[in-house]
Amino acid sequence: MSQSAEGILTATREIAAPAEAIFELIADPALQPRWDGNDNLAEAAPGQRVHAVGEVFVMTNRNGGVRDNHIVAFVEGREIAWRPAPHGEQPAGHQWGWELDPLEDGRTRVTHVYDYSALPPSQEKRLAKARAMTPENLLASIDRLAALAEEGGDS
C-alpha cells in the first residue's frame, strides 16, 4: 500500500483466483457494490459489462447520486480504469483503476489505483473527498473482491 505520488494511491495483494474470474467481478458494474470497500456504491443496472475504452457505465451511489463512469483504460482480463462524473457531465479528473497480473500458481496479483492528480483546484469539494481516501480504503475493496473471487465469484 502506498501513496506513490501526490494524488496517486495504490494497494496491492495476491488473490487465490485466476485473473479472468477477478476481472469479471470488476468489469460488471452490477457486481461492484458487492466488493466496494468504501461502502459508497448502491447499484448499477445489469447488462453494462465493460468491453472497451470509450464505454460508459452508470452507477447509483448510496446517497442517491447517479454517476457516469467513462472507461479510459481497458485490456480484457488485465486492466480497467474509469473516470466518474455526475450523470450527464464530463469527468472532473479523478480515476479508479485495476491492474491484474496472473501468477504461475493460478493466483493473481491485484493492484487497485486511485488517481486524483488531475483534479483541478476549482474542484474543491471533490479534492477534499479525494484527499480523504487512503490506501487502506483501496485494500478494503481488494479484500472484499478476494473473498468473492475465492468463493467462486457471483454465486
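This is a predicted model: local features need pLDDT of at least 70, side-chain atom pairs count only at pLDDT 80 or more; totals for chains, interfaces and linings use all residues.
**The largest pocket**

When the lining is sorted by class, 13 residues are nonpolar, 12 are polar and 6 are charged. The largest share belongs to strand 6, which provides 4 residues of the lining.

**The nonpolar core**

The largest nonpolar core holds 37 residues, and within this core the most contacts are made by Ile22, Ile26, Ile80 and Trp98. Around Ile26, once residues up to four places away in sequence are set aside, the contacts are with Gln32, Trp35, Ile80, Trp82, Trp98, Leu100 and Leu145. Two of these partners, Ile80 and Trp98, are themselves named with Ile26 among the core residues that have the most contacts inside the core.

**Aromatic pairs**

A pair of aromatic rings is described by the distance of the centres and the angle of the planes. The structure contains 5 aromatic pairs. One of them joins Phe23 and Phe74 in an edge-to-face arrangement, with 5.6 Å from centre to centre and 65 degrees between the planes. Because Phe23 belongs to helix 1 (residues 19-27) and Phe74 to strand 5, this pair ties together parts that are 51 residues apart in sequence. Another pair is formed by Tyr114 and Tyr116, whose ring centres are 5.8 Å apart and whose planes meet at 35 degrees, so this pair counts as tilted. Through ring pairs, Tyr114 and Tyr116 are also linked with Trp96 into a cluster.

| Residue | Relative accessible area | Class |
|---|---|---|
| Phe23 | 1% | buried |
| Phe74 | 16% | buried |
| Tyr114 | 0% | buried |
| Tyr116 | 6% | buried |
| Val58 | 29% | partly exposed |
| Arg109 | 33% | partly exposed |

The cut-off for a buried residue is a relative accessible area under 20%, and Phe74, at 16%, therefore counts as buried.

**Two partly exposed residues**

Val58 is located in strand 4, and its relative accessible area of 29% makes this residue partly exposed. Leaving out residues up to four places away in sequence, Val58 touches Ala44, Ala45, Gln48, Val66, Arg67 and Asp68. Between Val58 and Arg131, which are 73 residues apart in sequence, the distance in space is 24 Å from C-alpha to C-alpha.

Arg109 is placed in strand 8 (residues 108-115), and with 33% relative accessibility Arg109 likewise counts as partly exposed. With residues up to four places away in sequence again not counted, its contacts are Thr12, Arg13, Glu14, Glu99, Leu100, Asp101 and Leu103. Arg109 and Ala19 are separated by 90 residues in sequence, while their C-alpha atoms are 8.3 Å apart in space. Leu100, which touches Arg109, is also among the residues in contact with Ile26.

Conventions. Residues are numbered from 1 along each chain as its sequence is written. Side-chain values use heavy atoms; hydrogens and water are left out. Ala, Val, Leu, Ile, Met, Phe, Trp, Tyr, Cys and Pro count as nonpolar, Asp, Glu, Lys and Arg as charged, and the others, Gly among them, as polar. A nonpolar core is a set of buried Ala, Val, Leu, Ile, Met, Phe, Trp, Tyr and Cys residues joined through side-chain atoms within 4.5 Å. Buried means under 20% relative accessible area, exposed over 50%, partly exposed in between (1.4 Å probe, protein chains only). Contact means heavy atoms within 4.5 Å. Rings of Phe, Tyr and Trp (its six-membered ring) pair if their centres lie within 6.5 Å; planes under 30 degrees apart count as stacked, over 60 as edge-to-face and the rest as tilted.
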